Amino acid sequence: MKKLILVGLTMGLTMSLTACTSTEKTAEAEVAVKAPDSVDLGGLSNEEATTKLLEALLNKSYLASRAGPNGVAVNFDNSQFILQPSINPDGIDRIMMNRFYAIHPKYVGSKEMLLMIGTLNQKLNFAKFVIRDQGAVIQVQGAATFVDTITMEELRRFILWIDEGLRQVGESLPEGAEDVIKPIPVMQNIQSI
């Protein structure tokens, strides 16, 4: 009888330890596949920081792709942006966020467009509005500042803030403005999921 109890205890203990080991391995596996909550860009070149930022965005399931040596194209809430790390080893780092709009040829270089851009820059502080390409393109640019590391939540909120600001600007423009100013896609072959 004592042998039977001893065998039972030994088997129970062995099974218990095996279950604990199995649980530990599962927990380790879950930690290994969890996307990082922040991205450390300190000490990197702008190109290296771009690669690391792209990897972090993809790990967080963003629809993103490389846009040149120092840019990451991101699709966010059906809007497309280009993120560009600007790493300063002696100070504050930035991620520049850009969105581009084409201006209808009839209004390229017009005084009305210059007045609108000037007014937006005077009244709004979430982004800078610039006319480029001889009056054919409006570039909207904002910057998230940080030192070495930025959390993915901070980056998400920054993108959301710029996107919401642009949505409100679009709603405040007169009816028909969508025929004069159109977003320029920065990513090719995007399919909605």
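I began with Gln134, which is found in the loop between strand 6 (128-132) and strand 7 (137-146); helices (H or I, at least four residues) and strands (E, at least two) are DSSP runs, numbered from the N terminus. I noted that this is a predicted model, in which local features need pLDDT of at least 70 and side-chain atom pairs count only at pLDDT 80 or more, while totals for chains, interfaces and linings use all residues. Residues are numbered from 1 along each chain as its sequence is written, and side-chain values use heavy atoms, with hydrogens and water left out.

What is the phi of Gln134? I found a positive value of about 55 degrees, although Gln134 is not a glycine. I kept in mind that most residues other than glycine have a negative phi. Gln134 is exposed, with a relative accessible area of 79%, where exposed means over 50%, buried under 20% and partly exposed in between (1.4 Å probe, protein chains only).

I then looked up Asp77, which lies in the loop between strand 3 and strand 4, and its phi is also positive, near 50 degrees. At 58% relative accessibility, Asp77 counts as exposed.

Strand 2 (residues 63-66) and strand 3 (residues 72-76) run antiparallel and are joined by 4 bridges; two strands pair if DSSP finds at least two bridges between them. Arg66 has Val72 in strand 3 as its bridge partner, and 5 residues lie between the strands, where Gly68 takes a positive phi near 80 degrees.

My next entry concerns helix 2. Helix 2 (residues 46-59) has 14 residues, which at 1.5 Å a residue should span 20 Å, and this agrees with the 20 Å between its end C-alpha atoms; the expected span is 1.5 Å times one less than the number of residues. Which residues of helix 2 are buried? I listed Ala49, Thr50, Leu53, Leu54, Ala56 and Leu57. After helix 2 comes Ser61, with a positive phi near 70 degrees.

Last, I recorded the whole protein, which has 4 helices and 9 strands, and of whose 193 residues 33% count as buried.
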